[in-house]
Amino acid sequence: MTRSDRRDFLQHSLGALAAVALTPSLAELAPLAGRSDDLTVAIVGAGRQGRAMLQELSKMDGVVVAAICDTDPGRLKKALRRLRGLRGYASVEELLEKEADVGAVLVATPTHLHKDPAVAALAAGKHVYCEAPLAASVEDSAAIAKAARASDKVFAAGFLARSNPVYRLARSFFVSGTLRDLAYLRAQDDEKSSWRVASPDAERERLLNWRLDESVSLGLPGELGSHQFDAFSWFLGAYPTSVRGSGSVRVHDDGRKVADTVTCELGYDDGLRLQWASTLGNSYDGRYEVYKGSMASFKLAWTHGWMFKEADAPTQGWEVYANRQNFHNDEGITLIADATKLAAQGKLKDGVGLIETPLYYGLADFVKCIAEGASPACGAEAAHRSTVVGVAAARATVSGDEVAIAAEDLELR
Amino acid sequence: MGTRFELALEGSDEVRLRAISEEAFEELRALEAHWTGFGEASLVAKVNRLAAERPVALDEETYALLDEALSVARASRGAFDPTLGALMARHGFRGDADAGAPVAWGYEHVHLDADARTVTFDRPGLRLDLGAIAKGRALDLLAELLREHGVERALLHGGTSAVVALGAPTGADAWLVALGPEPDAPRARLAGRALAVSASRGRVSEAGGHVLDASRGAPAPAATACVLAPTAAGADAWATALCAQPDLELPPALSALHRADAPEAADAPWRPLGAPTNDFLHPALQRELPA
């Protein structure tokens with residue numbers, strides 16, 4: 001066996017070990033494989049997220065998007081141009097009344113408008129996928145979660161770390177104690193964006209700019225941060241007990257009151273702290289979470305993930321042959337989902353990340369759970385808890401006060 | 001697409017124009033994710049995996065893109081061919097060449113069902129590569145989005161090789177686009193039209209440039225072609241066709257320039273293709289360059 005043969009062999013062996021122990025099933029790439037009956041779905045909300053859902057669902061065999069609903073005629077018209085045969089509705093009530101064959105409803109309305117379509121769809125006996133956070137208020141979030149709990153249909157929420165193969169792989173390392181003692185947590189979600197939407201009609205423009213409307217928007221901590229807070233909670237198996245934050249308009253000085261730059265600090269009851277920052281003024285390094293442990297760190301960036309081992313960390317042997325990437329003075333072991341498949345295809349190389357988008361895996365998990373009667377990666381109660389954390393972070397940022405998150409705040413009452 | 005896109009929008013409300021351009025870039029990211037030939041996640045990748053086994057459903061934008069690609073392929077008698085994916089990979093232009101994979105091409109093996117909105121291949125091993133038309137089509141869709149927002153004057157480009165003009169800049173009757181960095185490079189006059197340039201010297205492998213001659217299954221002779229057309233998709237595809245085969249008959253709405261390139265000697269002079277037009281300014285073309 002030559003040196004390169006040996007390396008290939010070991011890479012394949014590593015891939016096999018990792019895949020058996022750590023990676024999710026490849027069935028996620030074809031959630032309805034082998035089934036003869038199609039799943040017919042409808043999307044409520046034809047904006048940015050509704051369009052993304054339409055695009056991801058178009059890649060799934062056995063899923064038919066039959067209808068779409070939006071109160072904005074321009075957006076609805078645009079969505080209907082994207083797929084022949086798609087039926088359009090201006091209200092959820094009309095959609096539910098006329099689309100009896102629809103099995104699942106996907107809610108992609110603005111966050112503060114999730115409740116009515118989600119609850120109505122559940123009441124109509126539909127499976128429901130609801131974007132996250134669940135709502136802009138704890139009350140609305142609880143109403144959705146209670147409706148989901150009372151239903152015998154599948155309810156999944158769009159906190160996408162939980163269905164993300166890279167995060168599942170990282171979490172398996174985490175729960176096995178690879179990081180050892182946690183020092184602190186850090187995360188950011190930075191992008192260069194005004195968050196503003198233009199429309200020729202002034203009233204429509206006001207409605208479309210709900211993220212900049214301080215009366216309904218959870219701002220950066222709720223809209224972006226809650227997804228990362230949820231990832232940490234899922235890893236830790238614990239929720240923060242306090243949050244404080246501050247925000248200001250640093251870059252987009254266009255009359256808005258919703259902060260374009262925010263920092264938050266979340267505390268856990270064992271003294272662990274999570275430092276979180278977000279800005280709409282700079283995109284450098286984008287979105288990621290860092291877990292700093294005494295034996296290793298994770299950097300998880302949604303489509304990619306890396307583990308950085310400390311010099312005194314115990315070795316398990318396979319690390320020698322793992323795929324690595326350099327970051328300034330450090331070298332990260334790439335956390336590769338579906339390593340066996342990639343190794344077999346000769347694609348186990350630098351820069352390998354998710355095959356599909358995080359949204360695809362979230363929707364695929366939902367579809368698969370409907371087909372198999374299983375529980376989704378993120379159900380109603382977990383989504384409600386992370387929504388409560390997001391709402392608390394938004395409140396803390398606006399008020400400047402520390403907001404306590406009691407255990408009972410996280411429970412459905 | 002995998003290239004840099006830029007939008008220049010003329011207007012007085014900067015906040016609004018920024019919001020519109022952000023929407024345009026979001027649209028672009030979605031189109032890129034859908035049509036890219038890299039990776040396995042795009043709809044085009046799904047078509048390549050499955051269309052030889054069974055019909056694959058397409059959304060309207062992808063159906064229209066494939067329809068136009070096949071239309072140009074037929075009109076150019078295969079000089080532009082959207083099925084060169086396997087061949088591009090074999091020549092090392094896609095970074096994922098599999099030495100054992102079958103290499104097949106030929107647009108006539110692609111079949112669209114207009115009623116069902118599906119695509120099928122009647123030949124295994126066929127792989128779509130829409131790199132020579134998708135960038136143009138994306139620019140056309142962005143231009144449409146800008147028009148819907150009431151933008152009347154703008155210049156959009158993708159990778160500097162495909163350009164769309166909305167109107168003309170205030171005080172001028174056209175946008176002037178130089179076809180190269182040289183001071184005496186020809187300039188194209190653009191007003192409400194699109195421009196695309198295809199040059200085989202852009203990316204090269206050991207066998208030659210990245211513009212492939214489908215009739216031989218090998219890189220075309222070194223050349224540069226520049227096309228003005230009503231749409232960027234049309235300009236993009238025809239620039240590739242003319243780069244490979246400059247003697248094709250040009251459709252009526254198009255005008256073009258062609259140059260045989262010599263990597264180690266002076267390039268041949270530009271020559272116009274088709275009927276004379278005022279679309280290009282260049283001394284050698286007996287047009288006056290502005291000061």
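Modeller: What follows covers the cavities, then the domain contact. Keep in mind that this is a predicted model.

Four cavities of 30 Å³ or more are found in the structure. Start with the largest cavity, which holds about 100 Å³ of space. Its lining draws on two chains: Arg51(A), Leu54(A), Gln55(A), Ser58(A), Arg82(A) and Leu83(A) from one, with His34(B), Asp59(B) and Glu61(B) from the other. Helix α2 of chain A, residues 48–57, gives the most to this lining, with three residues. By class, the lining has four charged, three polar and two nonpolar residues.

Now the second largest cavity. Its volume is about 50 Å³. The residues lining it include Tyr129(A), Phe159(A), Leu160(A), Arg162(A), Asp365(A) and Cys378(A). Two elements of chain A, β6 (155–157) and α11 (358–372), each supply at least two residues of that lining. Here the classes are seven nonpolar, two polar and two charged.

On to the domains. Chain A is divided into domain 1 (3–25 + 179–351 + 386–408) and domain 2 (27–161). Their contact takes 22 residues from domain 1 and 22 residues from domain 2. The size of an interface is often given as the accessible area lost when the parts come together. For these two domains of chain A, the buried area is about 1800 Å², with 60% of it on carbon and sulfur atoms. One salt bridge is counted between domain 1 and domain 2 of chain A. Arg204(A) forms a salt bridge with Asp72(A); their closest N and O atoms are 3.1 Å apart.

How values were computed:
Residues are numbered from 1 along each chain as its sequence is written. Chains are lettered from A and ligands numbered from 1 in the order in which they are written. This is a predicted model: local features need pLDDT of at least 70, side-chain atom pairs count only at pLDDT 80 or more; totals for chains, interfaces and linings use all residues. Side-chain values use heavy atoms; hydrogens and water are left out. On a 1 Å grid over the protein atoms alone, a cavity is a set of points where a 1.4 Å probe fits but cannot get out, and a pocket is an open set with protein on both sides within 12 Å along at least five of seven lines; lining residues have an atom within 4 Å of a point. Grid points are joined across faces, edges and corners, and a volume is the space filled by probe spheres set on the points. Helices (H or I, at least four residues) and strands (E, at least two) are DSSP runs, numbered from the N terminus. Ala, Val, Leu, Ile, Met, Phe, Trp, Tyr, Cys and Pro count as nonpolar, Asp, Glu, Lys and Arg as charged, and the others, Gly among them, as polar. Domain bounds come from an automatic or database domain assignment. Contact means heavy atoms within 4.5 Å. Buried area is the accessible area (1.4 Å probe) that two parts lose on being put together, summed over both. A salt bridge is a side-chain nitrogen of Lys or Arg within 4 Å of a carboxyl oxygen of Asp or Glu.
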